[in-house]
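This report goes through one structure step by step. Please look at the sequence and the model first, then read on.

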Amino acid sequence: MSTTTRSDGRTYDQLRDIMIVYEGLDGVDGSARFGFGQTQSLTSVSGPMEVRPNLEQPSQATLDISVRPLVGIAGTDSKALSTNLKAILAPALFLSHHPRTLIQIVGQALCGTESGSGLGSVGKGWNATLVASLINATSAALVNASSVPMKGVICAVSVGRFPSASAATLVLDPSEAELPHLVGGGCFAFLFSSALPLTPSSPDELPPCSLLWTNYTSSVVYDDTELRQAQALAEEGARKVWAAMKESVSNMERTAQCPAFNRFKSAKTESRVKKDTKNLSESEVDDDKMEI
Amino acid sequence: MPLVLPGEQVPAAHVNLKLGPGLLQLSSVDGKSSVISTRAGDLNHSANRSKWWIDSNSRRYIPAPQESVIGIVIARSGENWRVDIGSAHVASLDGLAFEGATKRNRPNLKVGSLLYARVSLAHKDMEPELECFDAQTRKAEGFGELKGGFLVNCSLKMSRLLMDPTHFLLPLLGSRFPLEAATGVNGRVWINTKDPRHIIAASRCIEAVDPDGGGMDEVGVKKFLSTMDV
């Protein structure tokens, strides 16, 4: 594994700052925004709720997942991602506890790729880090909703592979600037649950984890040793994501928007109050810098 | 009261163990059983460690038997009423499930009426059923139609706080103006006062004290009320 630092000064196994905000969106039962640095996604969850008869299943809840990119309409890659997300969520939720109901999940990318990674349409694709942020946002939104029973929490990270003559150079959480220089990579999604059997490598504070899904690909030939190295690196990163989620749950109520408070302030000052973002501890992305 | 994420192991063990909301007992292949959490929240247990549960907030009501809920009548199907209680399925209320109701003498409900009812049957495979009388005494005991007033939606934790007799909000509002209130555990509160301004003040205070809306405390509510014309 290379020990050279990357363009933004990180080591190979260092994640960018994780940001988790529980948005408290109206009209849905749970919502969360998750970001690895600038790469952010927003997901909302509603359910268990009424289901149309054609989607109804007699012994379990139906998952209806829509995924939207930042720019343009949801195309084939978004549709494929929502199918993958359904396969990732099914083993993590107790769907049989609420038969003949609907759990509706809507995922929204909050940043495009300014680099043009080459995956899908230029500038509009779903790169591995964005996919990881979407999976984590979905997980956090389900935790926020607290209405669908969960077997565990799903944590995902992305791994990138730089070209090198000798062994594979794997890095955790490649940023947008690093994407054009990668020859391979993918997202790894892990389920952290005490329902899984204990493994000798699992630390005491965290529940055991198991890999649910990956889309690791490479444009150069690779073997299963490299895949196992990538999985091991991703597992370390996923543990950090789990720890960040656990810490964010203690702030869940405080990070909600307070419409009543804003109305109270406007009643006192008799002027229109600018809706200020509540987040005090986590870093916030400036609206001007967000790609539209 | 440690905070747990879903999927974490819970050290609940007792001869007469009772698991409340948010906990599930799983048996593994080798015959051992363990208790895991199924939602995020504060892990609590009773003094003798026989009852364990997770305290969390949500906005979607899951019906459970013997809970008092506020329902909205949405349709009539023969002898029964179809009532919306905020759950995934519409609940069913028998037309005769009222105190002293007979075939000739039954309450005259309309579509859009509000009801204070008790969930008598809640099973995941069946639609929930309601009754408008107490289970033991078979008398109304406050259940039945709610006439007039105004319905406020809140989170489930807020409705549990309002049902707690030691919570500050309803007595505080009641000391300012005469107020009639009914709270359902399905996140709905019915308020009735003579003056519409009092209804608006009460509903704004409920939204402010709601954990989803900022969780205002008693001092804040007193200041808030002083800005309103009550």
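How much of residues 149-196 of chain B is helix and how much is strand, and how far apart are the end C-alpha atoms?

## An annotated stretch of chain B

The model discussed here is predicted. Over residues 149-196 of chain B, 35% of the chain is helix and 29% is strand. According to UniProt, in an unreviewed entry, residues 149-196 of chain B are listed as "domain: K Homology".

## Where the chains meet

Chain A brings 43 residues into contact with 37 residues of chain B. Between chain A and chain B, about 3300 Å² of area is buried. Carbon and sulfur atoms give 59% of that buried area.

## Polar contacts and salt bridges

Two salt bridges are counted between chain A and chain B. A:Asp29 and B:Arg60 form a salt bridge, in which the closest N and O atoms lie 2.7 Å apart. Polar contacts between chain A and chain B come to 10 residue pairs, with both residues at pLDDT 80 or more.

## The side of chain A that touches chain B

Several elements of chain A each supply at least two residues of the side that touches chain B: strand 3 (39-49), helix 2 (128-145), helix 3 (224-249) and helix 4 (259-269). Helix 4 of chain A gives the most to this side, with five residues.

By residue type, the side of chain A that touches chain B holds 22 nonpolar, 13 polar and eight charged residues.

Technical notes. Residues are numbered from 1 along each chain as its sequence is written. Chains are lettered from A and ligands numbered from 1 in the order in which they are written. This is a predicted model: local features need pLDDT of at least 70, side-chain atom pairs count only at pLDDT 80 or more; totals for chains, interfaces and linings use all residues. Side-chain values use heavy atoms; hydrogens and water are left out. Contact means heavy atoms within 4.5 Å. Buried area is the accessible area (1.4 Å probe) that two parts lose on being put together, summed over both. A salt bridge is a side-chain nitrogen of Lys or Arg within 4 Å of a carboxyl oxygen of Asp or Glu. A polar contact is a pair of N or O atoms within 3.5 Å; within protein, one must be able to donate a hydrogen and the other to accept it, and residues adjacent in sequence count only if both atoms are side-chain atoms. Helices (H or I, at least four residues) and strands (E, at least two) are DSSP runs, numbered from the N terminus. Ala, Val, Leu, Ile, Met, Phe, Trp, Tyr, Cys and Pro count as nonpolar, Asp, Glu, Lys and Arg as charged, and the others, Gly among them, as polar. UniProt positions are given in the numbering used here, feature names are shortened, and annotations may be inferred rather than shown by experiment.
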